Amino acid sequence: MLTLEAEPDHDARPFLDIDFSGGAVVAISGGSDSTALLILLKDHFRARWPAAKLVAVTIDHALRAASHDEALQVGRLCAGLGIEHRIRVWDGPKPRSGIAAAGREARYRLLATVAREEGVGMVVSGHTADDQAETVAMRLERSEDARGLAGMAPATLYDDEVWIVRPLLRLRRAQLRDMLRQRGVGWIDDPTNEDRTYERPRVRAALDGEGFATAMRLAAEAARKRCDLGARAARLIRRHAAQPISGLVHLQPAFVGEPDREAAAYALRLLLAAVGGLPQLADTERAEALLAALAEGTSSRATLARVLIDARRGAIFLLREARGLPEPMPAVDGFLWDGRRRITLRDSAGSVVIVAAGGTEALPATGALPRQVPKSLARAALAAEPAVWRDGRCLGRQGAGIATVPVVAPFARFLPGFDLEPARALAQLAGAAPIPYPPLEPSSPCAPRR
Ligand SMILES: Nc1ncnc2c1ncn2[C@@H]1O[C@H](COP(=O)(O)OP(=O)(O)OP(=O)(O)O)[C@@H](O)[C@H]1O
């Protein structure tokens with residue numbers, strides 16, 4: 001049996017550092033890994049968290065004829081174990097290409113919805129070391145950004161609210177299958193897992209023992225590096241960045257002279273993504289080139305990753321560029337507006353309200369602007385902010401029971417635990433709600449200092 005730099009007893013007790021007091025939703029497809037997860041969790045809850053809620057959920061992707069019956073089969077397994085089981089069907093339109101990614105997105109959305117309905121803050125998934133090694137191998141092949149080589153995080157915050165926890169990331173699939181066989185529990189083999197027209201099954205088939213060990217070693221190194229770099233960048237953001245008015249970030253010129261160049265470039269990539277409202281960080285080379293240009297200290301204007309960078313004597317400003325802003329649209333609860341704001345409806349039933357860019361009406365009187373903020377930039381930044389309109393009248397940032405709540409753009413949908421420190425710094429900068437702690441003990445990889 002292969003163990004992976006395991007902490008003592010980790011393999012035998014994968015749930016040891018997880019706080020289940022708030023209960024858990026178990027994501028179970030019926031495959032071997034999630035079936036093993038369910039069995040092990042059931043034991044763990046009985047022994048350690050007898051009063052906590054455990055609910056199993058199967059998503060029927062409705063892509064194969066057998067999926068409905070398989071979901072019912074999982075329901076019977078759960079009934080035998082005395083665990084509540086829910087089935088949710090992905091019944092939206094299915095894209096022709098990118099079906100795996102769309103399915104994953106729908107799955108997390110449906111799982112998180114059940115967690116909210118059940119009043120549980122955590123979804124537990126059965127991702128294993130095999131899944132992790134495959135993920136890293138695929139990212140290596142695509143020569144993605146080095147931070148992606150960290151693979152899947154032990155805990156990822158979804159939609160600012162629900163933690164997706166992956167306790168089996170250091171266990172091998174073969175170990176789990178052995179355990180199931182010993183207990184006489186069967187599982188469902190999804191034919192898609194063997195279908196080599198898909199990338200993952202191809203990578204899986206090609207990954208031998210050595211490839212597996214290499215991928216896991218790379219992942220561990222990349223995770224350490226990503227946490228460390230993130231913490232250094234977070235310090236620079238806290239030290240040098242401020243948001244004098246909504247949508248406008250002010251960077252002190254000393255930022256570009258910071259000796260930790262790697263952290264400064266990373267901080268700039270994070271800031272650009274946050275201001276531009278993008279889920280992915282700006283390109284490293286371009287961010288480094290921008291940093292070098294800014295370090296020359298001359299007045300300049302540039303755009304990168306939907307952000308206008310305005311450097312002038314004594315200040316650098318970042319604001320969302322005016323191009324490509326969302327069209328006016330009806331307000332929908334939970335909608336991520338331009339990647340930067342979450343629309344929340346409190347009590348606006350029935351009223352037709354449009355959220356559109358163009359909040360210049362919200363511009364404070366010139367006297368109220370902080371001294372270092374040029375009026376033209378303030379105006380441009382506020383024009384790229386959302387505003388609530390009703391019957392042709394602008395109600396400002398909020399009104400008619402609608403609020404446009406700031407979120408940390410690169411992490412608004414998925415915040416991998418590796419990135420908690422920079423996400424916290426960006427949340428503070430944007431005036432977003434503080435990011436909740438993961439349900440992990442502080443000794444876990446990337447659990448933040450409290
Ligand atoms: N249809 C589904 N319903 C609920 N959870 C799912 C579903 N598909 C995947 N998951 C969750 O995501 C994890 C990883 O997904 P992946 O596609 O690798 O699993 P799988 O091959 O379908 O099944 P398993 O991981 O159980 O062997 C699963 O272990 C499970 O926790």
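**Figure 1. Contacts along the protein chain of this predicted model.** Among contacts with a separation of 6 or more, 70% join residues 24 or more positions apart; two residues are in contact if their C-beta atoms, placed from the backbone, lie within 7 Å. In this predicted model, local features need pLDDT of at least 70, side-chain atom pairs count only at pLDDT 80 or more, and totals for chains, interfaces and linings use all residues. Residues are numbered from 1 along each chain as its sequence is written.

Figure 2. The C-alpha atoms fill a box of roughly 75 × 55 × 45 Å along the principal axes. Of the 450 residues, 42% count as buried, that is, 20 or more other C-beta atoms, placed from the backbone, lie within 10 Å of their own.

**Figure 3. The two assigned domains.** Domain 1 covers 24-207 and domain 2 covers 329-406, with bounds from an automatic or database domain assignment. Their C-alpha centres lie 38 Å apart.

Figure 4. Of the 18 residues around the ligand (C-beta atom, placed from the backbone, within 6 Å), A27, G31, D33, S34 and G126 come nearest. Two or more residues of this shell are given by each of α1 (32-48) and β2 (54-60); helices (H or I, at least four residues) and strands (E, at least two) are DSSP runs, numbered from the N terminus.

Note on methods
Buried ≥ 20, exposed ≤ 12 C-beta atoms within 10 Å, placed from the backbone.
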